[in-house]
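This briefing describes the sheet and the helix packing of one model. Please look at the sequence and the structure below before reading on.

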Amino acid sequence: MKTGEVRLWKLTRRYVREAMLRGDIKGAILPTGSTEQHNEHLEMEHDTVSALHMSHQAALELYPQVVVAPPMSVGISEHWMEFPGTLSLRPDTFVTVAYDICESLQRHGIEHILIVNGHAGNRPLNEHMADFQKRLGIDVQFCSYWEAYSKEFVAEQLDSGDCPAHAAEFETAIAMAAFPENIHWEGVDYEGANLKIQREGYADRDPIYFRDGRDLATPKKGRVMADVAISWVAEKMKAMLDN
Ligand SMILES: [Zn+2]
């Protein structure tokens, strides 16, 4: 494990200028997440901090070649707006913000950008990668960090066999391993909350996800899953740099 500061917003202009001049910084990771409901027990920032965790650790493995841009902490979450607290960008807005961040990085001389996503609703951004590459003239790619896992690996690691699901065994386990302070079981009374979930097809799944998160998640599962995702993201980024 290498150490050093890779988070762009923690660097000074002098550091970035000198590192760019030396040719040390070659690529950037842009994490994309959401601020949205994550069942009764997980904080709204889950997708953002999980994408940031994988991105940060992967960039450290490639230090000093890769910096991490500030995560996009609001995503495309219209489907969760019935839950108070959820924030959502229109798909066009989301894509435009992602483009503008990539363009800023490109103007400073970064030629490889990997967008590391932590929220399934943001996946429409993937359809814009060819357009981003054409307009920016650089290598820009999109992935969701759970693409690191094969079906067999998920079946082996998770008792529910369901990944990423939503605030269920997988995401709760990731939080237990990487940011346990984001889990709040105290005072939770799922039955007593008398939720009247409107979203079609989800009302039945929400209680299952709740039980899976509560009964099946462990920090060990989360650590194993996170470490595989971190290595996978680092390899993906490294392949872009080597290309
Ligand atoms: Zn999530």
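**Strand pairing and helix packing**

Asn117 stands opposite Ser144 in strand 4, where strands are DSSP runs of E with at least two residues and helices are runs of H or I with at least four, numbered from the N terminus. The model is predicted, so to read it note that local features need pLDDT of at least 70 and side-chain atom pairs count only at pLDDT 80 or more, whereas totals for chains, interfaces and linings use all residues. Residues are numbered from 1 along each chain as its sequence is written.

Sheet
- Strand 3 (residues 112-117) pairs with strand 4 in the parallel sense over six bridges, pairing being counted if DSSP finds at least two bridges between two strands.
- Four strands form an open sheet with parallel pairing, in the order 2-1-3-4.
- Strand 2 (66-68) and strand 4 (139-144) stand at the edges with a single partner strand each, so one side of each has no neighbour in the sheet.
- From one strand to the next, the twist averages 20 degrees, with axes fitted to C-alpha atoms (for helices over the stretch in contact) and angles running from 0 to 180 degrees between N-to-C directions.

Helices
- Helix 2 (residues 46-61) lies across strand 1 (27-32), strand 2 and strand 3, and runs at about 165 degrees to strand 1.
- The axes of helix 6 (residues 169-178) and helix 8 (residues 219-242) come within 7 Å and cross at roughly 90 degrees.
- Helix 6 is therefore roughly perpendicular to helix 8, a term for angles of 65 to 115 degrees.

Technical notes:
Contact = placed C-beta atoms within 7 Å. Parallel < 35°, antiparallel > 145°, perpendicular 65-115°, else oblique.
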